[in-house]
Amino acid sequence: MIQTALNSFAVNHEINLKSCDPKSSACRIQSRVAFILAAAITMKPTILLAGLLALPFSHLATAQSTRSIPNFANANLVLGDADFRGGGPPAPAASSFSFANDVAVDPVTRKVFVADVFRVLRFASADALANGAAAEAVFGQGNFDTQTSPSTPNESRFAALGICLDRNGRLWVADPNNRRVLRFDGANTAGNFPAATRVYGQPNFTDNSFRVTSATSIAGPTDVLVDSNDRLWVVDSGVNRILRFDDISNKPNGAAADGVLGQTSFTGVSSGLSQSKMESPRAIDISANGTLFVSDSLNNRVLRFDNAAGLANGANASAVLGQPDFVSRTIDVTASRMHNPRGLSIAADDTLWITDFQNARALRFDNASAKANGAAADGVLGQPDFFTDRQDNNNQGTFLKNSQGFLFPEYIFVDNPRGSVWVSDGQNGRVLRFGGASGGTNPPPAGGDNVQPALALSGKVPKSTKAKASPSREPRATMSVSQECNTALALVL
């Protein structure tokens with residue numbers, strides 16, 4: 001019965017226990033969790049207890065909520081600077097950024113990836129980083145001291161905007177200069193200057209030509225993600241659309257997209273202001289229930305598409321944030337308005353974070369999948385209230401604490417296992433982390449107001465992943481797998 005339950009779990013959660021690398025931490029974790037679940041199902045207390053004691057709990061933390069991060073909080077970690085009062089972007093090095101774009105944290109290895117113009121830097125575990133830590137590897141450049149644009153395209157050079165680390169440890173890079181998306185396998189262990197494994201938007205690694213808009217071309221990618229159903233989503237900002245590639249792991253180089261939003265066909269390029277059109281979309285993320293969020297930057301709004309993978313080409317959005325309706329694009333500094341929203345990230349508990357670029361802040365929307373059109377934000381970072389838009393430039397020191405403000409924030413990332421929010425403060429040449437159940441080695445600055453919730457296993461899981469009640473079988477065990485680039489694991493006993 002144990003084997004039957006184990007096999008059933010593996011099928012339901014897309015875990016191939018026979019083919020995964022037994023030396024990899026992900027495979028070991030999957031195998032142990034599946035074994036423990038089987039023991040729980042068959043009511044074998046001795047086996048269950050032994051399995052629990054053998055688990056690496058640091059990888060199986062219940063997803064922590066980011067809602068406990070207070071408004072105008074202090075960051076508790078900075079990368080790209082030795083402290084929170086640095087003087088702006090220095091020369092490229094292992095511990096500095098020329099212009100920090102996107103950031104991602106692998107939920108298994110906890111390694112941090114930061115897109116920095118013509119390179120991506122990889123850092124050691126997020127849980128052990130100190131302020132100004134040096135990267136351990138670099139993608140896109142031959143060493144840490146160069147930041148040069150490639151003269152000709154190849155499989156190792158790129159310009160990096162949005163990045164994503166999927167549950168298989170593959171790094172995806174939106175490369176707008178070469179009109180393509182690159183995939184790097186084994187990103188957590190790769191050495192410096194690795195070669196990409198796949199390319200989409202171009203037929204091969206040496207072509208970067210501007211091609212007629214179609215299902216196989218990408219004009220200007222700015223963000224990328226892979227959901228738990230192996231779908232690749234690409235923001236093709238250059239032609240105002242979102243592309244969807246199904247079963248991406250089995251698609252060859254230059255494969256055609258399977259769906260499009262923002263345009264009614266794969267040949268459309270027009271921008272617009274309506275329920276189905278966009279103007280310069282910038283970033284995307286998808287919730288555990290398949291709801292897609294798109295920052296429609298120049299329309300000063302964020303669009304929500306329910307059941308996005310099942311929508312027809314050019315489908316209408318389900319709701320809008322930042323505007324009261326689908327035909328307005330008013331600029332303002334309030335809890336319900338935005339000015340050029342850029343990055344966004346959805347947490348396991350349906351909390352949406354958005355970087356409001358021109359207003360120099362990050363907004364938090366709780367229960368985002370159920371928000372009405374034009375709903376007010378529930379929280380803010382970077383400003384003392386919802387009506388202020390001061391920029392915190394490291395050279396000017398607008399705020400007393402530079403750990404609290406931004407100078408035009410770019411992308412944002414929610415680290416579900418720790419309940420922390422990472423913000424790329426690009427023009428200040430740094431990345432800031434707020435909150436988190438297990439922080440790095442640096443406490444927040446004196447007088448800081450960050451909340452550090454305790455890390456613990458709990459009897460709760462996000463609503464979108466909660467299993468049906470089973471009163472006849474206690475204790476119960478559930479693993480939640482979110483439909484994000486970075487899978488959140490939750491063990492509930």
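## Sheet of β10 to β13

Two strands are taken to pair if DSSP finds at least two bridges between them. In this predicted model, four strands joined in that way form an open sheet with the order β10-β11-β12-β13, and the pairing is antiparallel. The edges of this sheet are held by β10 and β13 (259-261), each of which pairs on one side only, and the twist from one strand to the next averages 20°.

Within this sheet, β10 and strand β11 (residues 232-236) are paired in the antiparallel sense over five bridges. Leu-225 has Trp-233 as its bridge partner in β11.

The antiparallel strands β1 and β24 (residues 430-435) are joined by three bridges, and Leu-79 has Val-431 as its bridge partner in β24.

β19 and β20 are paired in the antiparallel sense over five bridges, with Leu-363 in β20 as the bridge partner of Ile-354. The hairpin of these two strands has four residues between them, and in this hairpin Ala-360 takes a positive phi near 50°. β20 is also joined to β21 by three bridges, the two strands running antiparallel, and Arg-364 stands opposite Gly-379 in β21.

β20 is mostly covered, since five of its five residues are buried. The cover extends to both faces of the strand: Arg-361, Leu-363 and Phe-365 are buried on one side, and Ala-362 and Arg-364 are buried on the other.

In soluble globular proteins, nonpolar side chains tend to be buried together. The largest nonpolar core in this model has 38 residues, of which Leu-79, Val-112, Val-120, Phe-123, Phe-139, Leu-171 and Trp-422 touch the most other members. Two or more residues of this core come from each of β1 (77-79), β2 (100-105), β3 (111-116), β4 (119-125), β5 (137-139), β6 (163-165), β7 (171-175) and β8 (180-184). A second, separate core of 36 residues includes Val-181, Ile-218, Leu-261 and Phe-266.

Which residues does Val-120 touch, not counting residues up to four places away in sequence? They are Phe-113, Val-114, Ala-115, Ala-137, Val-138, Phe-139, Phe-158, Ala-160, Ile-163, Leu-171 and Val-173.

## Aromatic pairs

A pair of aromatic rings is described by the distance of the centres and the angle of the planes. A search of the whole structure finds eight aromatic pairs.

Because Phe-357 lies in the loop between β19 (352-356) and β20 (361-365), and Phe-408 in the loop between β21 (379-381) and β22, the pair ties together parts that are 51 residues apart in sequence. Phe-357 counts as buried at 7% relative accessibility; Phe-408, at 19%, counts as buried too, because the limit for a buried residue is under 20% relative accessible area. One aromatic cluster is formed by Phe-113, Phe-139, Phe-158 and Phe-184.

## The loop residue Asp-207

Asp-207 is found in the loop between β9 (198-200) and β10 (221-226). Is this residue buried or partly exposed? With a relative accessibility of 22%, Asp-207 counts as partly exposed.

The side chains of Asp-207 and Ser-209 are joined by a polar contact of 2.9 Å. Leaving aside neighbours within four places in sequence, Asp-207 is in contact with Pro-153, Asn-178 and Gln-202. Arg-179 is 28 residues apart from Asp-207 along the chain, and the C-alpha atoms of these two residues are separated by 9.2 Å.

Methods:
Residues numbered from 1 in each chain as written. Predicted model: local features only at pLDDT ≥ 70, side-chain atom pairs only at ≥ 80, totals over all residues. Heavy atoms only, no water. Core = buried A, V, L, I, M, F, W, Y, C linked by side-chain atoms within 4.5 Å. Buried < 20%, exposed > 50% of the residue type's maximum accessible area, 1.4 Å probe, protein only. Contact = heavy atoms within 4.5 Å. Polar contact = N/O pair within 3.5 Å; in protein donor to acceptor, adjacent residues only side chain to side chain. Phe/Tyr/Trp six-rings, centres within 6.5 Å; stacked < 30°, edge-to-face > 60°. Axes fitted to C-alpha atoms, helices over the stretch in contact; angles between N-to-C directions.
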